[in-house]
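Q: Can you walk me through this one? I'd like the overall makeup, then the sheets and the helix packing.

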Amino acid sequence: MTFKPKSEFLHVLMARGYLQDCTDLETLDDKLIEGVVPAYIGYDATAQSLHVGHLLNIMLLRWLQKTGHKPITLMGGGTTKVGDPSFRSDERPLLTPDQIDANITTIKGVFEKYLAYGDGPSDAIMRNNAEWLDNLNYLEFLRDIGRHFSVNRMLSFESVKSRLDRDQSLSFLEFNYMILQAYDFLELNRRYGCILQMGGSDQWGNIVNGIDLTRRVDGAEIFGLTTPLLTTSDGKKMGKSAGGAIWLNAKMLSPYEFWQFWRNTTDADVGRFLKLYTELPLDECERLGALGGSEVNAAKIILANEVTTLCHGVEAAAAAEATAREVFERGGIGGDLPTVTLGAGDIPEAGISIVQLFVKSGLSASGKEAKRLIAEGGARLDDTPVTEAGLVVGRDELAEPRKLSAGKKRHALVRLES
């Protein structure tokens, strides 16, 4: 018999495609009906911003709050010092405490776009696991917490097993990560009555560890829930583009580039992404997702506007759409295109090669890639095809912004600093 949730939160998750696994759906459903459920997702502060790969779980927290429950955004100020080894082929670079704190500050600004923080019953709170991890007594921790973990079982988790099967080193530092993450759940349950940890399906082993530890130590009834790991319909990892990660912080990726990422969604993904990344009614998501031919472009614009409005605000979404229309429909420059300003020292007196301009603009990752783009006919300067990789652009030619295009969908402006 198919499970039919009574709680609004689980109903939303199942209807919109957020749910992958849950440790006990029926009992969790009852808890969600009984009262406010505090739930958390953890985020390590390895960069200055979260990216689109995190957005599914941010939307999960948003729906949790919209349905009357309490989100806890747990920042890994402590665990970032160790690094999550899950499904990685090498050890993460270690950051200094100052770098970690700076990253947490900028990441908080992203969360504040999606969640309402405060002191109310369903207001979100942000906590940093450095509060309890930084001052742990190692011997006491081993005696009180470490004894509950079986090394045999830890080695069986896919995230660890896949690393060892490839004969890739797993440091003792990284091996401790799953114990520390499990301890987070115990602490959040004790301090804030948190009974649910959520995350991507790659975190299932870590989540189950936390549940087992909390039940063993305190006898508490707690739950785990995961979302699917998303790939696009053509098999690519969600959140990656030709230009790199799709950051949620406007200082790391312009709202126009963010908007354009969603506008470029593959036709087959439109309906699914509308359900997961917007708050449009389900019937509207299904209607838009069923459009075909040229009509699907209107659905992609709606998707781009809705997602960009949540992340950057309605004005940024409107400006991005206006720029796209100027660039694509009228062949103009568009005032909201990402702009790269070069200093005089960046350009030799004899001028700069078009290959280097594409690299400096971020439209090509390397000179080799830029040359290939030119050879394949995908490079344009002010909408004119670039046919020679040896083309040199003089300083005087960059006094006014020049538009570079890589294919039909990626554009940037480049100019000389005045």
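Predicted model: local features only at pLDDT ≥ 70, side-chain atom pairs only at ≥ 80, totals over all residues.

Q: How many helices and strands does the protein chain have?
A: The protein chain has 18 helices and 15 strands.

Q: And what percentage of the residues is buried?
A: Of the 418 residues in the protein chain, 50% are buried.

Q: What share of the contacts comes from residues 24 or more positions apart?
A: Taking contacts in the protein chain with a separation of 6 or more, 72% are between residues 24 or more positions apart.

Q: OK, sheets. What is the strand order in the open sheet of six strands?
A: The order is S1-S6-S5-S2-S3-S4, and the pairing is mixed. The edges are strand S1 (21–22) and strand S4 (125–128); each has a single partner strand, so one side of each has no neighbour in the sheet.

Q: How does S1 join S6, parallel or antiparallel?
A: S1 and strand S6 (residues 223–227) run antiparallel and are joined by two bridges. Cys22 is opposite Leu225 in S6.

Q: Which strands does helix H2 touch there?
A: Helix H2 (residues 25–34) packs on the sheet and touches S1, strand S5 (196–200) and S6. The direction of H2 makes about 105° with that of S6.

Q: Moving along the sheet, why is S2 called largely enclosed?
A: Five of the six residues of S2 are buried, so S2 is largely enclosed by the rest of the structure.

Q: In what sense do S2 and S3 pair?
A: S2 and S3 pair in the parallel sense, over six bridges. One of the residue pairings puts Pro38 with Lys70 in S3 as its bridge partner.

Q: Which strands does H10 lie across?
A: H10 lies across strand S2 (38–43), strand S3 (70–75), S4, S5 and S6. Relative to S2, H10 runs at about 145°.

Q: Switching to helix pairs. At what angle do H10 and H11 cross?
A: Helix H10 (residues 177–192) and helix H11 (residues 204–218) cross at roughly 55°, and their axes come within 8 Å. The two helices, H10 and H11, are therefore oblique to each other. The crossing of H10 past H11 is right-handed.

Q: Which residues make the contact?
A: From H10 they are Tyr177, Met178, Gln181, Ala182, Tyr183, Phe185, Leu186, Asn189 and Arg190. From H11 they are Asn206, Asn209, Gly210, Ile211, Leu213, Thr214, Val217 and Asp218. By class, the contact of H10 with H11 has nine nonpolar, six polar and two charged residues.

Q: Thr214 is on that list. Is it buried or exposed?
A: Thr214, which sits in helix H11, is buried, with a relative accessible area of 0%.

Q: What is Thr214 in contact with, leaving aside its neighbours within four places in sequence?
A: Thr214 is in contact with Phe185, Leu186, Asn189, Gly219, Ala220 and Ile222.

Q: And H13 with H14, what angle do they pack at?
A: Helix H13 (residues 270–277) and helix H14 (residues 282–289) pack at an angle of about 155°, with axes 7 Å apart. H13 and H14 are therefore roughly antiparallel to each other. Their crossing, H13 with H14, is right-handed.

Q: Which residues meet there?
A: Gly271, Leu274 and Lys275 of H13 meet Leu282, Cys285, Glu286, Leu288 and Gly289 of H14. The residues of the contact of H13 with H14 comprise four nonpolar, two polar and two charged.

Q: Back to sheets. What order do the strands take in the open sheet of five?
A: The order is S9-S15-S14-S11-S12, again an open sheet with mixed pairing. S9 and strand S12 (384–385) are at the edges with a single partner strand each, so one side of each is left without a neighbour in the sheet.

Q: How is S9 joined to S15?
A: Strand S15 (residues 410–416) runs parallel to S9, with four bridges joining them. The bridge partner of Val340 in S15 is Val414.

Q: Which residues are on the covered face of S9?
A: Val340 and Leu342 are on the covered face of strand S9 (residues 339–342), while Thr339 and Thr341 are on the uncovered one.

Q: And at the S12 end?
A: Strand S11 (residues 379–381) and S12 run antiparallel, joined by two bridges. Arg380 stands opposite Pro385 in S12.

Q: Which strands does H17 lie across?
A: Helix H17 (residues 354–361) lies across S9, S11, strand S14 (402–406) and S15, and runs at about 85° to S14.

Notes:
Residues numbered from 1 in each chain as written. Heavy atoms only, no water. Axes fitted to C-alpha atoms, helices over the stretch in contact; angles between N-to-C directions. Parallel < 35°, antiparallel > 145°, perpendicular 65-115°, else oblique. Left-handed = near helix turned anticlockwise from the far one by under 90°. Contact = heavy atoms within 4.5 Å. Nonpolar A, V, L, I, M, F, W, Y, C, P; charged D, E, K, R; others polar. Buried < 20%, exposed > 50% of the residue type's maximum accessible area, 1.4 Å probe, protein only. Pairing = 2+ DSSP bridges.
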